[in-house]
Amino acid sequence: MFRPKVPTNPTPTGLAIQPSVEPIATVRRTSPPAPVAQSSTRPAVQLTPGTALAVVGGGTAVVLVVGTVLVSMLLAVAITGVSVAVCAVALRSLLASGRSHP
């Protein structure tokens, strides 16, 4: 019941075609063409001092924004953890005081 059953392949029902034999072709060896230098149609990127300063400034701004977002998320998690811990201590105190006073 749990053993896999491998299907058997039936014999082919179509026509069996013998591969035709092609005559051997004569190979002529020629030297490869000389490489040709291709001219670039794109203009070269030129980095001026003003552009470099803008790129550095943009990168710095991105790093500062991402860092600020990550630190704020870390602070949110830390504040949530502290508030949950304070609530747990307060509930424990209330439950313990309720049991001690009959």
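This is a predicted model: local features need pLDDT of at least 70, side-chain atom pairs count only at pLDDT 80 or more; totals for chains, interfaces and linings use all residues.
Biologist: What percentage of the residues in the protein chain is buried?

Modeller: A residue is termed buried when its relative accessible area is under 20%. Among the 102 residues of the protein chain, the buried share is 0%.

Biologist: How many helices and strands are there in the protein chain?

Modeller: The protein chain has 0 strands. Helix 1 covers residues 49–100. The count of helices in the protein chain is 1.

Biologist: Is Val65 buried or exposed?

Modeller: Val65 is placed in helix 1. The cut-off for an exposed residue is over 50% relative accessible area. Val65 has a value of 53%, and therefore Val65 is exposed.

Biologist: Which residues make the nonpolar surface patch of about 550 Å²?

Modeller: Val65, an exposed residue, is one of the members of this patch.

Biologist: Which residue has its backbone oxygen 3.0 Å from a polar atom of the Ser97 side chain?

Modeller: Ser97 belongs to helix 1. Its relative accessibility is 32%, so Ser97 counts as partly exposed. The backbone oxygen that lies 3.0 Å from a polar side-chain atom of Ser97 is that of Leu94.

Conventions. Residues are numbered from 1 along each chain as its sequence is written. Side-chain values use heavy atoms; hydrogens and water are left out. Patches are made of residues with over 30% relative accessible area and no salt bridge: like charges are joined within 9 Å, nonpolar side chains (Val, Leu, Ile, Met, Phe, Trp, Tyr) within 5 Å. Accessible areas come from the Shrake-Rupley method with a 1.4 Å probe; for residues, only the protein chains shown count as cover. A salt bridge is a side-chain nitrogen of Lys or Arg within 4 Å of a carboxyl oxygen of Asp or Glu. Helices (H or I, at least four residues) and strands (E, at least two) are DSSP runs, numbered from the N terminus. Buried means under 20% relative accessible area, exposed over 50%, partly exposed in between (1.4 Å probe, protein chains only). A polar contact is a pair of N or O atoms within 3.5 Å; within protein, one must be able to donate a hydrogen and the other to accept it, and residues adjacent in sequence count only if both atoms are side-chain atoms.
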